[in-house]
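This report treats pocket lining and helix packing in turn. The model is shown below.

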Amino acid sequence: MSVPIADHALIGDTHTGALVTLNGTITWLCLPRFDSPACFASLLGDEGNGEWALAPAEYAGATHRYHPGTLVLETEFAAGTGTVRLTDFMPHRHDAPTVVRIVEGLRGSVQMRTHLRLRFDYGRTVPWVRADGEGLSAVAGSQSITVECPVPLVPDNGGHAAQFTVRAGDVVPFMMTWREWGRPAPTRRHAKELLLDTIEEWTAWSSRLRVHGPWADIVSRSLITLKALTYEPSGALVAAPTTSLPEQVGGVRNWDYRYTWLRDASFVLDALTGNGCLAEAIAWRNWLLRAVAGDPAQLQIVYGLNGERWLPELALPWLAGHRGSVPVRVGNGAAEQFQLDVYGEVLAAMHAARQAGMRPDPDAWALQRALVEHVALHWREPDEGIWEVRGGRRHFVHSKVMAWVAFDRAARAVVEHGLPGDADRYRHLADQVHTEVCHEGYDPRRGTFVQSYGSASLDASLLLLPAVGFLPATDDRVVRTVDAIAAELTRDGFVQRYLTDPPQEASPDGLGGPEGSFLLCTFWLVDALALRGDYAQASRLFERAITAANDVGLLAEEYDPVAGEPLGNFPQAFSHVGLVNSARLLAGGGRRALPHLRPVRPLTRHAAEGHR
């Protein structure tokens, strides 16, 4: 039986990340990158697919927490004969990826047990293992792993195990290092030295965060998590370090999130720049520009960590799935979809970067103008939309609104930042889109905007209408839409993307079965309420939303409020982005503190004509 998602914590080195359970087992780790094949994959199968257990042979209870301001995980086990602490972390990547596990005796005497099963290629390949008195080495093809420890590891049930006793004051370190076969072994360092260096590096970074207000602790933890999900060599932000954690237990909505989505790029920039993470924001902006460079017709919604475009999707039949949820997928077929909204996302992100004071780049603006011209040719076409549906293209309202954003931000770049271009034409295009959406995307019978033209269904993405400046939050049509979403798409305080079983029309995603509530959508509702001045209700909803975090402050993509458990890939970057931005908006007393949420002043024709 798989360990619940909520019982996991994340450790990482800003190149990859591992999930560690409350009972001291590493169930997921991809090496050397987030999107590499896993060497521990029991999260999506069983212990035979690879894991590393380290805990007392018998214990009464366990608690875990992060060392303050860091990604260093500390788990305390209370046994009948004493107490021990297990410290798990990955040192900052200076050479080869390394996992360090330190067992420390706190009280009494405790019998410990470790069991290591290494399985390369997502739990499929059993390596050749050679053990000696100082650990073991494992090899399969080009991959090599060494484990250093002071206790002998002996073959046991498809892996290697050891039992040892820890007394108060004892320290027993384990270090696991990955390297490509044939490359020289990294310089050996003591585990305690690596621990001190890792704590120092994380606390130096987190001490620069500008976080205030009543939710400062969970916002800081979210920003540390976002830093951990950054692929440092390129600046990309991985959506999650996992693949195929189900959106419904036993269901088929199991996707690979170990890539970087352009969606919500502007909100990511807001979260980073607004809280003191300027270096990360600049790296993200620069990655974004490199990834989208080229033919605008080939723009994708999702890219690899270095901007790779070919992400073929396939299933891994040897993995039984988390709690039996299959298929287990690697790669992501959404990279091949046409999603109109992504062009607006890129233009909005570049606008947010300019608003944050990042220096414009002439080549970057030339690329943005090319993207705008592509939108001008194709904005009337249907697409797969923000939710990457697999049930056929539609004229999604959110997609059209983001086309409006592309034209609006282009006009503003000319008028407000002095960049070259025809602001009057951009504004005219924006007005065309605005008029069509208000006519075709609005249902006068129910008095709300709808998911797609001709539909009667609601969609949580409509909550972004005021956030992107399409209409004021106090516009009657927006108010009624927000209220309808709160009434019809909300379950126990959590918002669903849309109804997967609407009574009169087919579900847009082409898949069967229900799903959990999307945490990001819940934070969108918080913002929509705050922007119209309903701060009390927004604050109550925010307080409810953050209860979805587990005991170390991590959020999944979705949440089941009935079962009280997280669903989907974990931890999910955009859930944490939503939390950070909503908290900042509320902590500002309802003021539009985010660059992305500043009042959008209509551009007059006189102003536009003066900046052609």
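**Lining of the largest pocket**

Strand 10 (128-132), strand 11 (135-140), strand 12 (143-148), strand 15 (171-180) and helix 2 (191-206) each contribute at least two residues to the lining of the largest pocket. Helices (H or I, at least four residues) and strands (E, at least two) are DSSP runs numbered from the N terminus. The lining comprises 11 nonpolar, 10 polar and 12 charged residues; Ala, Val, Leu, Ile, Met, Phe, Trp, Tyr, Cys and Pro count as nonpolar, Asp, Glu, Lys and Arg as charged, and the others, Gly among them, as polar.

**Basis of the model**

The model is predicted: local features need pLDDT of at least 70 and side-chain atom pairs pLDDT 80 or more, whereas totals for chains, interfaces and linings use all residues. Residues are numbered from 1 along each chain as its sequence is written, and side-chain values use heavy atoms, without hydrogens and water.

**Packing against helix 14**

The axes of helix 4 (residues 265-273) and helix 14 (residues 573-587) come within 9 Å and cross at roughly 55° (axes are lines fitted to C-alpha atoms, for helices over the stretch in contact; angles run from 0 to 180 degrees between N-to-C directions). The two helices are therefore oblique to each other.

Helix 12 (residues 519-531) packs with helix 14 at about 15°, their axes 8 Å apart, and this pair is therefore roughly parallel (angles under 35 degrees count as roughly parallel, over 145 as roughly antiparallel, 65 to 115 as roughly perpendicular and the rest as oblique). The residues of the contact (heavy atoms within 4.5 Å) of helix 12 with helix 14 divide into 10 nonpolar, 3 polar and 1 charged.
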